[in-house]
Amino acid sequence: MFLNGHKRKRPAEGPLDPCLATSQAKLVSQSCNSQPTPVFELEKELEQNGENLSPGTTARFLKSTQSSQEEICSTPGAVSGVLCGKLQKLVLKNFMNHRHLEVPFGDKINFVTGKNGSGKSAIVTALLIGLGAKASFTQRAASTKGLIRKDESAATVAIHLSNEGKNPFQRETYGPTIVIERRITQSASTYKIKTHRDRTIGTTATLMHRVLDHFDICIDNPTTILTQDMSREFLATAEPTKMYSFFKQVTRLDLLEDDLKEIKANVEKGQKVVERTKEKLAHFLEQIKKVQVRIKACDSKEQLQLKRRRLQVELLVVMKKDLDAKKFELQRRVTDKERNIEMRRQKIADSQREVDKIETERQKVQTEIDDLNKQTHLLNEEKSNKESIYREANRTSSAVKMSIQSKESSIRNLKKELAAMEKVILQHRARNENEYAQESRKLQEKLAELEKEIEESKSEAQSADGKLKQVNDNEDRLRQDLRMYRHQIAMHESDIKQMETRVRQLKESKDNHLKLYGLHVPELLEAIKTEARFSKTPKGPLGRYIKASKAEYEIPIEQCIGSGLMTGFMCDNRSDAAILRGIFERVIGRDRKQTFPQLIVQSFMNTIYDTSGHKSQTNSQPTLQEVINCEDPVVMNCLIDQVSPENIIIFNSLKEARQVLIMSDPPAKTEKGICLNGSEVIPGRAVYANNVKECNFFQRDDISHKIATTQEQIETIKRDKAAAEIEIRSLDEKFKSNKEVQKSLLETKFSRERKFESASRLAKEVKRDLDQLLSDETTEVYESEIRDDASKLEKEEASLVQIKNTLEKLKLEEESAKSEFHSLQEKYNCLRNELRSKTNRVQNLNVQLSEHVETKKFYQTSIAPIEREIQDNKAACTNLDTQNSNLQQKIDEQVLDQEEYGRMMRSRRSKADIEKALVDSRNLLAAKEKENPENRADLEAQLAIQTDKYSLAESEISEREELLAVLQDALKFRQTKFLSLRENATVTMANGFAHRLGLRGNGYSGKLVFDHEAKTLDILIKTKSDKVLKNKSQLSGGERSFTTVCFITAMWSAVSGTSPFKILDEFDVFMDMVNRKVSMDYLLEFATTEASEVGEERLASSPTGSQFIFFTPLDLGNLRTRPEDVKIFRMPDPERYQRQSNLTQFFNESEEQTEPTQ
């Protein structure tokens, strides 16, 4: 698994210790730490110069190459001091199963022992994590937060590295110790690089990697740290190709091999450049010969060229004369246009005076109108007062009349009662007692019959009144239904009329599509075409100039523009408009059913208005202007003025329009939105839903289908109309029947009310007769009542006379109020007529005012184009002056005497004649040039250029060949040294591996088989059965572990001194006693030699070498080494062993306490 790690980069600082052998250490150190070689300089030159090396590169390259070879051949001097980067101490807090652990390390050999589960592998994991490894690399957790102790929020790993000895890292900054601290939390991890005084220098992983690269510490290299997982899977999973790649990476032969490939590629590039330069050299030589031949064949053409120059000067003079004539014509035009502008400004002033005059008169008339309005208002109030007085008098008179009638009725009743009482007195005197009883019984029976009749009449009258209310309600409903159906019939008739007109237009448009815009349009266009009085031909109907960019936009375009504008006409000025109105009256006037088309007066312009500054600010939806295809700028400008299409946005649906214009802030400068079905949306205010199915004016091929569809619609509407007429007839019959019922009920009600009144009056008389009959009063009492009634009658008659007098007075007041009301009404009507006359006058003045304002506007808008023409003409004059000045300067540059210049000025030859002579001279010169195409000076310059190129190419070839020779020598030298280094490393590893396997004895041996061509490394193991095992998985656990130890130590021997410390984790866990003893003895011997003897033999003044740290769970008794070379750190027992120990102690104490009892 570790063989798939990334390739180690070259160290950034400091040389490496000698490794392999003396010559191998020299080359690896020089290859890894020297400055860029000449190969890289050559590559840089090739890239910068397009594979062309500059001549100045040679000396610089030779010097660099020679210095590089001297470095490779030189022998490094002795370096004093211990190795920097050794582990001094490891401090863990809340890391994995350790709450707080501090592990000190010695400079030479260290053993970390402890039982399984005590946390030895956690120390290895902490070293990897603390030095920048990912959690997945340790195979202990998926992420760093999984390494935090349970129930804790953060963990800390602090690694103390030695910074004393050979090649320290920034000794003046960090001091003798560098502390790398990594803090791990649930969400992230951070670094701190500190000094020995706990002062933080940096907090970036980059600085930490610089420190590790400086000390040559590579944590993903198993020669530096070999975990028990790596040890277990190393031989079982490694492939020969990966083993070989690992061999090159550890020995750093891959870096040397990359350098050789780069040098070889650049040598090949240089050879190609030299070959191409030689090809160019032959080409240059050929060009030199050709130029020499052309120089010999060159002849003089000066006389012909002199003649041509004179013709050119004469042409310049003639062109100057033409420019003077053009300038004179432009100045004349400017003068005429300035007079025209002055005339137009006079017209504007006249129009302004008329406007002021009309405005003054209009204000005067408006003041009179205001006064008349005030008088009318006051008179109306007075008239209303008189009318109220008149009506009040009328009501009072009516009340008095009713009072008179009441008094007269009361007098009549009193007279009847007096007569009846006198009759009763006479009858009373004539009757006896028997007659009283008989008369009383008859009156009581009659009174009972009348009361019964009264109740029946009252009940029947109430019933008739209730039915009458129902009939009246039914009549109101019938009236509403009749109005509704009559309105529907009127709408149907209007629709039928419009559709029949549409059908007629469609039928006639088969032969002439212009009739879609009106049946008289072809005649109008023909009359306009034959009319010669127009200053500019009117345009119309406007719809025929308008097209839609897509068919789906036709309905929105028609809805926004409207039928009036689609069928309308345009004129440039008011005089043309008057002529066109005459044509309308002549062609359409005889058909009163047709209305005149809309007529618009607007100046015709040849350019479309620029609307970019005030168009709707929208990007996702198009504006109406963008979907209209109108090639005529006059019509497009009219649409912009009348409809403002640049401020109308088209939407696909009503929902989208509501979302943009109603439910959110509408785009700036937007007037409204139109949907594809014709629905309109006003921003922020209202929505007008519609559902238009087809267009009226855009031409289509399905006219027959449209005619049939329209006729079907007409038939449908006619059927609806007929159904509505049937409903009306039915409602009329119901209305008549309801009237008859209403009349019958009224008659019943009135008859019952009269019967009720009659029966009530008779009952009252019967009661009075009965009272009189049954009364015991004497005749004197009746006579007293008669006298009282007579007195009351006299008072009533006197009151009646007084009321009649009051009525006469009220009639006089009513007549007076009525007369005054009619008088005020006449005055009010006169004021209204005068006010109407004044209002008409104001309207006429407004029409005149608008005409003069329109005239003024016309002249004002017409001045700007003329002024632009004047500016253009003046600019053209200025341009002509510039051209004239340039021509004069060119003429002055020619050496001409006054006589020749005057002859040219007097020459009558035209510009065409001179140009023809120039063409003839050019043809003659071309013929000469065809015979002798070049002049001598140019050819001599070409010869000099080709000669310089030839010389430069020769020099470049010489320098580059010299450079390539040096490169090839350097390549051969480096290839030889590379093969020597590779062979040395191969032999060292193979011999070391075979020697270490042989230490085990008992027929156990093996070897490393290198195939440098196939780039493979095979490990062959031979057991006592003399069988070679290709599959390493067939070895036992102890044999596989021992083989791994032998391979790793052989690798250590090949690259000794490249890492300040080496770590093995539980290398002997699967070994038997024999393998373990042999491996342990060998490792101690190797580590002791590497830690001490390396300093004595290879580094003459170095007291110590590499640091070794071994992790093992087994006992370390009988170690055969010096105590001062070994430091042993024993891990505390895990909790399960402590609990077992406590339990054993408890049972032992219990037995001791029970012995005396036994």
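## Two strand regions in a predicted model

Strands E13 and E14 (residues 672-675) run parallel and are joined by four bridges. Strands and helices here are DSSP runs, strands (E) of at least two residues and helices (H or I) of at least four, numbered from the N terminus. Two strands pair if DSSP finds at least two bridges between them. This is a predicted model, in which local features need pLDDT of at least 70 and side-chain atom pairs count only at pLDDT 80 or more, while totals for chains, interfaces and linings use all residues. Residues are numbered from 1 along each chain as its sequence is written, and side-chain values use heavy atoms, without hydrogens and water.

From E13, the chain passes through helix H18 (residues 654-661) to E14 in a right-handed β-α-β crossover. Right-handed means that, with the strands pointing away from the viewer, the path from the first strand over the helix to the second runs clockwise. Phe-651 stands opposite Cys-675 in E14. E13 (residues 648-651) is covered on both faces: Ile-648 and Ile-650 are buried on one side, Ile-649 and Phe-651 on the other. Buried means under 20% relative accessible area (1.4 Å probe, protein chains only).

An open sheet has six strands in the order E2-E1-E4-E5-E6-E7, paired antiparallel. Its edge strands are E2 (98-104) and E7 (200-202). Six bridges join E5 (residues 177-185) to E6 (residues 189-194). Val-179 has Lys-194 in E6 as its bridge partner.

Contact means heavy atoms within 4.5 Å. Angles run from 0 to 180 degrees between N-to-C directions of axes fitted to C-alpha atoms, for helices over the stretch in contact.

| Helix | Lies across | Angle |
|---|---|---|
| H4 (residues 120-130) | E1, E2, E4, E5, E6 | about 100 degrees to E1 |
| H7 (residues 205-214) | E5, E6, E7 | about 50 degrees to E6 |

Key
Buried means under 20% relative accessible area, exposed over 50%, partly exposed in between (1.4 Å probe, protein chains only).
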